[in-house]
Amino acid sequence: MFTEYFAKQSHTLSEGLKANLDKRGIQLPGKDKDINIYRDLFTFFKEHLPSEFSLATGKVRGKKHLLNKNCDLLIYKKWCQNFLAMAGGYVVSDFLYAFMSLETDLTTASVITHATMTNAVKSLYKGEREFAENQVIPVFSTIFAYRSSVPIMSHRVAIQGASRERGISVNHEMDMICILNQGLIIKDWESGGGYKIVETGDDTLLWFYILLLEYLDRDGAVGINARDYIKNAKVYKEL
């Protein structure tokens with residue numbers, strides 16, 4: 001049921017990005033990323049995530065500490081319409097469920113930047129509650145990329161290198177990288193917190209969406225097991 005639908009959605013997202021880049025034309029590198037080119041992706045999330053979740057671009061804060069780094073996409077729950085205004089424009093970490101970096105062409109530098117961001121956001125969330133060593137911190141961190149000129153294996157090496165060089169603990173690492181129409185790099189807690197690469201090809205958006213729903217379901221309130229709607233189970237190559 002879902003397989004054909006998400007294949008079409010994947011094509012729509014790719015074409016939408018191309019059209020947005022063509023409209024924008026050549027743009028010199030600037031201090032801030034141009035998030036407007038990803039508006040089709042924001043629309044996709046608005047149309048496919050449960051209604052209790054909201055989207056934002058911006059910063060995160062805890063009860064006492066601020067993280068003064070912009071996140072490309074934040075997925076959170078708000079307790080009232082003026083949630084952001086009351087928190088000074090920040091998303092409060094208690095209500096943050098996921099955050100993403102969005103990339104047109106994924107680079108090693110982008111992976112390292114997101115690894116650092118992930119460490120900061122998860123540290124902020126963890127700092128205000130009790131966690132056992134290496135316990136999963138339930139704030140889902142991912143990169144969504146439309147393509148990658150760098151081999152996918154290199155991105156796993158970059159994550160591991162960033163963690164080693166910056167002293168990032170296992171439960172402060174990112175959870176997933178999605179490269180549209182190519183594959184996923186997934187945090188594998190069952191194997192001790194390493195990363196596995198799954199070459200999902202045209203089904204990449206489908207499995208990214210399924211895993212995202214599962215991560216967002218930390219309260220048990222999402223209300224759907226999307227895996228039940230996969231008509232034909234496939235076996236994908238793992239690296």
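At what angle do helix α1 and helix α6 pack, and how far apart are their axes? Let's take that first. This is a predicted model, by the way. Helix α1 covers residues 2–24, and helix α6 covers residues 204–216. They pack at an angle of about 105°. Their axes are 7 Å apart. Angles from 65 to 115 degrees count as roughly perpendicular, and α1 and α6 are therefore roughly perpendicular to each other.

Who meets whom? From α1, look for F2, T3, F6, Q9, S10 and L13. From α6, look for L205, L206 and Y209. Now sort the residues of this contact by type. Six are nonpolar, three are polar, and none is charged.

Stay with α1 for a moment. Helix α1 has 23 residues. From its first C-alpha to its last, α1 reaches 33 Å. That is close to the 33 Å expected at 1.5 Å a residue.

Which residues of α1 are buried? Here they are: F2, T3, F6, Q9, S10, L13, G16, L17 and N20. Look at the spacing as you read along the helix. An α-helix has 3.6 residues a turn, so residues three or four places apart point the same way.

Just after α1, G25 takes a positive phi of about 75°.

You will find H155 in helix α5, residues 152–166. Is H155 buried or exposed? Buried means under 20% relative accessible area. H155 has 0%, so H155 is buried. What is around H155? Set aside its neighbours within four places in sequence. H155 is then in contact with L106, T107, T108, V111, S148, V150, I177, I179 and I185.

Now step back to the whole protein. How many helices and strands are there? Six helices and nine strands. The chain has 239 residues, and 49% of them count as buried. Along its principal axes, the C-alpha trace spans about 45 × 45 × 40 Å.

Last point: contacts along the chain. Take contacts between residues at least 6 apart in sequence. Of these, 64% join residues at least 24 apart.

Technical notes
Residues numbered from 1 in each chain as written. Predicted model: local features only at pLDDT ≥ 70, side-chain atom pairs only at ≥ 80, totals over all residues. Heavy atoms only, no water. Helix = DSSP H or I, 4+ residues; strand = E, 2+ residues; numbered from the N terminus. Buried < 20%, exposed > 50% of the residue type's maximum accessible area, 1.4 Å probe, protein only. Contact = heavy atoms within 4.5 Å. Axes fitted to C-alpha atoms, helices over the stretch in contact; angles between N-to-C directions. Parallel < 35°, antiparallel > 145°, perpendicular 65-115°, else oblique. Nonpolar A, V, L, I, M, F, W, Y, C, P; charged D, E, K, R; others polar. Expected span 1.5 Å × (residues − 1).
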